[in-house]
Amino acid sequence: MTEKKVRVRFAPSPTGPLHIGGVRTALYNYLFARQHGGELIFRIEDTDSTRFVPGAEEYIIEAFRWLGIKFDEGVSFGGNHGPYRQSERRDIYKKYVQQLLDAGKAYIAFDTPEELDAKRKEQANFQYDASTRLQMRNSLTLSSEEVERLISEGCQYVVRFKIEPGEDVHVDDLIRGDVVINSSILDDKVLFKSADQLPTYHLANIVDDHLMEVTHVIRGEEWLPSAPLHVLLYRAFGWQDSMPRFAHLPLLLKPVGNGKLSKRDGDKLGFPVFPLEWHDPKTGEVSSGYRERGYLPQAVCNFLALLGWNPGNDQELMTMDEMIRLFDLSKCSKNGAKFDYVKAAWFNHQYLLQQPDEAWTPEFDKLLRAQGIESTAEREAEVVRMMKLKVIEYTDGEGNKKKRNVSFVSDLWPLCKFFFVAPAEFDREDKFVRKNWKEGTAEEMRQFAEKLASIEDFSVEGQKSVIDPWTEQTGIRPWNAWRICLVGAGQGPDMYELAAFLGKEETLRRMHHAIETLA
RNA sequence: GGCGCUUUCGUCUAGCGGCUAGGACACAUGCCUCUCACGCAUGGAACACGGGUUCGAUUCCCGUAGGCGCUACCA
């Protein structure tokens with residue numbers, strides 16, 4: 001048995017932004033290709049001219065670039081199996097359709113879409129197949145002269161695959177095992193459309209995979225029902241011996257309720273379903289993207305990889321290289337996975353924490369500028385260091401107040417405002433304020449401020465060396481009230497660290513303001 | 001309706017005939033503590049149902065029910 005070099009493909013159709021489920025399919029193809037030292041092909045399946053969306057192809061390429069999923073050949077990547085855009089392969093498909101026609105494995109049909117619609121209306125279960133094709137207008141029922149005449153008159157026609165009924169067709173799926181469907185339930189699929197003179201997915205897909213020497217077809221489960229048709233097509237062409245192996249991936253489901261994940265769910269629950277922000281050229285509608293939301297590409301890949309696959313142990317955090325090493329189609333689950341956007345945020349939290357504090361600052365700086373605040377990268381990194389392990393309150397999709405770890409750089413702003421803006425007012429009704437600002441507190445703070453004013457070295461260590469003995473000696477525990485002065489609430493980092501960050505002057509200024517206001 | 005796939009904690013899942021059914025997210029509690037946290041510890045939480053096969057089924061087989069997909073001159 002000779003081992004063929006592994007060649008897989010990801011073949012989206014450019015009808016809009018890339019869905020996150022598509023990203024996962026591409027990722028699995030990528031992991032599989034890399035693990036086997038094979039190649040990943042990027043093919044554009046633009047055989048539906050009516051649904052073509054300008055910019056979609058560029059968007060998809062940019063999305064993979066961002067995600068770190070690299071292709072070896074295909075549209076924009078080169079290679080010697082091109083062209084890789086199906087709309088540029090018309091002549092190739094024509095030749096193969098003719099081959100099927102000549103062999104009597106396909107036939108020409110003149111029935112118009114309107115006629116077929118009417119037929120379906122009067123006969124609910126109508127299917128164009130062995131049981132009905134002899135009642136239709138096609139090259140099986142018309143004389144060859146008649147067919148010639150209709151074609152020369154410019155009559156529109158399609159080419160249909162002639163499926164022989166009554167055969168159990170087996171698909172050997174790498175994930176699901178032996179799947180059997182009887183050919184009688186398959187219809188005589190259109191292989192070549194009259195409308196745009198292009199093949200349908202089924203034909204183009206088989207011809208391209210064959211010509212591009214694809215060894216494994218890893219795609220979504222929605223293709224499983226038509227897989228037997230594809231097997232039959234390989235056979236009709238005489239390519240059964242080089243037919244690729246199939247692996248049908250489970251679908252990504254919506255987080256709540258039933259059905260597959262859609263853009264709607266993202267909008268409703270407040271998480272992106274596209275890798276990059278997308279501006280619809282027709283409607284002008286903007287859909288949020290993982291990149292713009294503040295996700296790290298590694299986090300997205302890691303999270304997505306685990307939705308439907310796992311390495312068989314408890315490891316969840318994995319680099320791309322580890323995933324390449326561990327990936328295994330036979331360890332893919334068979335059932336659909338609900339999309340858990342809370343866990344997605346947790347993954348990002350993990351990856352964000354792996355980054356050095358300096359890596360946060362460009363994004364953090366943008367946030368600050370948006371608030372009209374200028375700072376230095378050094379000071380911003382300081383704030384990141386102090387605040388990255390905090391928790392932020394947020395509102396989930398159902399409108400409930402929840403808390404979560406800092407998972408995005410943008411989570412920082414609501415936690416960090418007081419580093420840059422002094423509290424102007426104090427809420428006496430606040431639980432923390434009521435508990436920690438009582439009779440006599442103002443006087444204690446006055447004494448404490450005096451002590452602080454005497455400190456030369458205002459670093460954390462410098463403060464401690466003076467304040468620690470002072471608290472011993474006076475019995476005053478100043479920290480919570482001090483926090484009210486500098487922060488305005490029961491939040492924030494270690495007080496010495498905060499004071500050191502603000503500097504002596506600003507620290508004292510805030511304290512005096514608070515003492516006056518709260519006195 | 002027909003055909004196919006599928007079914008372990010709320011969610012993602014481990015398990016490949018014998019386990020106190022394991023982990024992660026989320027949730028709750030405790031410890032730590034100058035706040036909120038982080039961290040650490042602890043806890044609640046699952047084999048859809050009914051038949052078989054077997055000495056023994058979460059695991060194998062068959063039904064039923066639920067979920068998902070497909071059923072276009074869309075992919």
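Residues are numbered from 1 along each chain as its sequence is written, while chains are lettered from A and ligands numbered from 1 in the order in which they are written. Because the model is predicted, local features need pLDDT of at least 70 and side-chain atom pairs count only at pLDDT 80 or more, whereas totals for chains, interfaces and linings use all residues.

The largest nonpolar core has 89 residues, of which Leu27, Val300 and Leu304 touch the most other members. Such a core is a set of buried Ala, Val, Leu, Ile, Met, Phe, Trp, Tyr and Cys residues joined through C-beta atoms within 7 Å, and a residue is buried if 20 or more other C-beta atoms lie within 10 Å of its own, exposed if 12 or fewer, and partly exposed in between, with C-beta atoms placed from the backbone. Helix H1 (residues 20-35) gives the most to this core, with nine residues; helices (H or I, at least four residues) and strands (E, at least two) are DSSP runs numbered from the N terminus. Domain 1 (7-75 + 202-251) and domain 2 (90-192) both give residues to this core, so it lies between them; the domain bounds come from an automatic or database domain assignment. Apart from this core lies another, of 16 residues, among them Met445, Trp482, Cys485 and Ala499.

Alanine 449 lies in helix H17 (residues 441-453) and is buried, with 20 other C-beta atoms within 10 Å. Two residues are in contact if their C-beta atoms, placed from the backbone, lie within 7 Å, and the table leaves aside neighbours within four places in sequence.

| Residue | Contacts |
|---|---|
| Leucine 304 | Val23, Arg24, Leu27 |
| Alanine 449 | Leu508, Met511, His512 |

Three strands form an open sheet in the order S4-S5-S8 with antiparallel pairing, where two strands pair if DSSP finds at least two bridges between them. Strand S4 (106-109) and strand S8 (190-192) are the edge strands, each pairing on one side only. Two bridges join strand S5 (residues 158-161) to S8, and valine 159 has phenylalanine 192 as its bridge partner in S8.

Around RNA strand B there are 66 residues, the closest being Glu45, Asn258, Asn335, Trp479 and Gly490; a residue is near a strand if its C-beta atom, placed from the backbone, lies within 6 Å of it. Strand S16 (401-405) is one of the elements that give two or more residues to this surface, and S16 gives the most, with four residues.
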